[in-house]
Amino acid sequence: MTTFAVRPGSSRQLAGTGTLLRFALRRDRLMIPVWIAVNALMVLSMPGTLEGLYGTPAERADLLRQMETNSSLRAMVGPAFGDSLGALTAWRVGIYAGALAAVMSLLVVVRHTRDEEESGRQELVASGMVGRRASLTAALLAAAAANAVLALLLTAGLAGQGTAGALALGFGIAAVGMVFATAAAIVAQLTESARLARGLTAAVLGAAFVLRAAGDSATDDGSSVLTWSSPLGWLENLRPYAGERWWVLALLAGAVVLQGTVAYALAGRRDLGMSFLPTRPGPASGRLGSAGALAWRLQRGGVLGWSIGFFLAGIVYGGMTEGAADLVGDNDNARRIFERMGGQSGLTDAFLASMVGMLGLVAALYIVASVLRLHAEETSGRAEPVLANAVGRLRWAAGHLATAFGGAALIMLLAGLGFALGYGKETGPILGACLVQLPAVWVIGGVAVLLHGVLPRAAMAAWGVAGAVLLIGWVGPALDAPQVVLDVSPFGHLPKLPGGSMEWGPVLTLTGVAVVLVAGGLAGLRRRDITM
């Protein structure tokens, strides 16, 4: 049991917070800016895009009338409360920007709390003159700093649409991020595994999105009890640019304070490295006879969670396909954006192709997280006992990579089945459209393998690569970015299915690139020292 140098209950329990905060920000000097940039550019690009799509008040008023009767799209993006460009921006991307801020925040908090304890580094830090709650405070302050920068960027960028609305949207999104930061702080006290802490907090975020979607599909004004049960529903009911409800910010702030208080109370009642929820002991023998079996056991929870999420997302997006076609109607600008994202085909096929492409971009995040499990096992010291036995490095890595690359194929397959179930037509083409995303997903995974094998200290830069690809895929078509910019992403070279023609050349080329990247990463792993 670790002995702390600071007496419990004393004012020095926060000693060393400033140093730990600077260290946390330095460690996240790549990850946090990428998340902020993706989120800010997604939001700030929307007013110009909407002005091109719905340039006249009559077109915007017609959009609002259609939203009142389109429950499937309300479930996707929420109800619209006004027809100004600012109000439509909050409607179109507000919920998703809040969700991205929540993901960024939970990753930061878990990384600097439970991850540090699990790796053993926190025990070394705690042996010095560091307060008992300093690490938790530094993690929450790092998340708060990231969300504050995001809020300021959004407020400044949207001020031209109206200062009050910009303040409401920017700080509402940041407040949602802090709600999930403090939720992650609580979960980090309850669990003994950083992986489980991230998974449980992400599950809470998923439940919040589902509750909000169910409530918004039932009502067209955000008044459902289900909507008000979700922090994302609170964000939409803040109503930026549509008669701001400032008291909703107080509701978000109250949730942050309450959850933060609970997290601090729990942190003061447990030993370092321990948790309130006991971990289930592993099998004594017989079930983990190989490095591959161990890798699967370590990652099966993540694969299951992503699989369920992609299957449900496929059902939801498939079910709203017809509604999207009705909403776009004769709007040529909206049609062009969908077709640029989904290929030159009918609007329904273009919508399906664009949604499949979006899930492919998200699958790139899965494969990066799964590949970087190798990095976590190595830096935490857990890989060393495995490699000390009759297990070679390539055999050890192969188990994790099989789970990462095979898991990507599984979640895209389940997404295709979900699309087919939700849409109710033409199962084969939709399945093919989902599976054709895999070569691009594998290329991103190959980049992560290469970085881990050759430059292990820069392995986390794989998140930056995935974030840049996500930004190009989400924002590029809406901004009418040049094709040369879209082609930077491997997803820009894939055939646009369903509706487009199948082209095997780019698919095989991207698959070959992924193979070369993985081979280079494994060659580097085989030759370098194991890091700690």
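Let's begin with Arg-457, which is exposed, with a relative accessible area of 85%. Before going on, please keep in mind that this is a predicted model. Where does Arg-457 lie? Arg-457 is in the loop between helix H22 (438–454) and helix H23 (461–475). Along the chain, Arg-457 and Thr-379 are 78 residues apart, but in space their C-alpha atoms are 9.8 Å apart.

There is a second pair of this kind to show you. Met-502 and Val-436 are separated by 66 residues in sequence, with 9.2 Å from C-alpha to C-alpha. Met-502 sits in the loop between helix H24 (483–486) and H25. Is Met-502 buried, exposed or partly exposed? With a relative accessible area of 33%, Met-502 is partly exposed, because that value falls between the limits of 20% and 50%.

Now to the salt bridges. How many are there? The count comes to six salt bridges, and I'd like to go through a few of them with you.

One of them joins the side chains of Glu-378 and Arg-528, at 2.6 Å from N to O. Glu-378 belongs to helix H18 (residues 347–379) and Arg-528 to the segment after helix H25 (504–527), so this pair ties together parts that are 150 residues apart in sequence. As for accessibility, Glu-378 is buried, with a relative accessible area of 1%, and Arg-528 counts as buried at 12%.

Another is the salt bridge between the side chains of Arg-111 and Asp-28, with 2.3 Å between N and O. Here, too, distant parts of the chain are linked: Arg-111 is in helix H6, while Asp-28 is in the loop between helix H1 (17–27) and helix H2 (31–44), 83 residues apart. Both partners, Arg-111 and Asp-28, are buried.

Then there is Arg-198, which forms a salt bridge with Asp-115; their closest N and O atoms are 2.8 Å apart. This pair links Arg-198 in helix H11 to Asp-115 in helix H7 (residues 114–119), distant parts of the chain that are 83 residues apart. Arg-198 counts as partly exposed, at 27% relative accessibility.

How far apart are the end C-alpha atoms of helix H11? H11 covers residues 194–218, which is 25 residues, and at 1.5 Å a residue the helix should span 36 Å; the end C-alpha atoms are 37 Å apart, which agrees. Among the buried residues of H11 are Ala-194, Ala-197, Thr-201, Leu-205, Ala-208 and Arg-212.

For H2, the 14 residues should span 20 Å at 1.5 Å a residue, and the end C-alpha atoms are 20 Å apart, which agrees. Which residues of H2 are buried? They are Met-31, Ile-32, Trp-35, Ile-36, Val-38, Asn-39, Ala-40, Met-42 and Val-43.

Arg-239 counts as buried at 17% relative accessibility, and Tyr-241 is buried with a relative accessible area of 14%.

Let's finish on the surface. Leu-152, Leu-167, Phe-171 and Trp-246 form a nonpolar patch there, with about 380 Å² of accessible area together. One of these, Leu-152, lies in helix H9 (residues 134–158) and counts as exposed at 55% relative accessibility. Thanks, everyone, and over to you for questions!

Conventions. Residues numbered from 1 in each chain as written. Predicted model: local features only at pLDDT ≥ 70, side-chain atom pairs only at ≥ 80, totals over all residues. Heavy atoms only, no water. Helix = DSSP H or I, 4+ residues; strand = E, 2+ residues; numbered from the N terminus. Expected span 1.5 Å × (residues − 1). Buried < 20%, exposed > 50% of the residue type's maximum accessible area, 1.4 Å probe, protein only. Patch = residues over 30% accessible without salt bridge, like charges linked within 9 Å, V, L, I, M, F, W, Y side chains within 5 Å. Areas by Shrake-Rupley, 256 points an atom, 1.4 Å probe, with all protein chains shown as cover. Salt bridge = Lys/Arg side-chain N within 4 Å of Asp/Glu carboxyl O.
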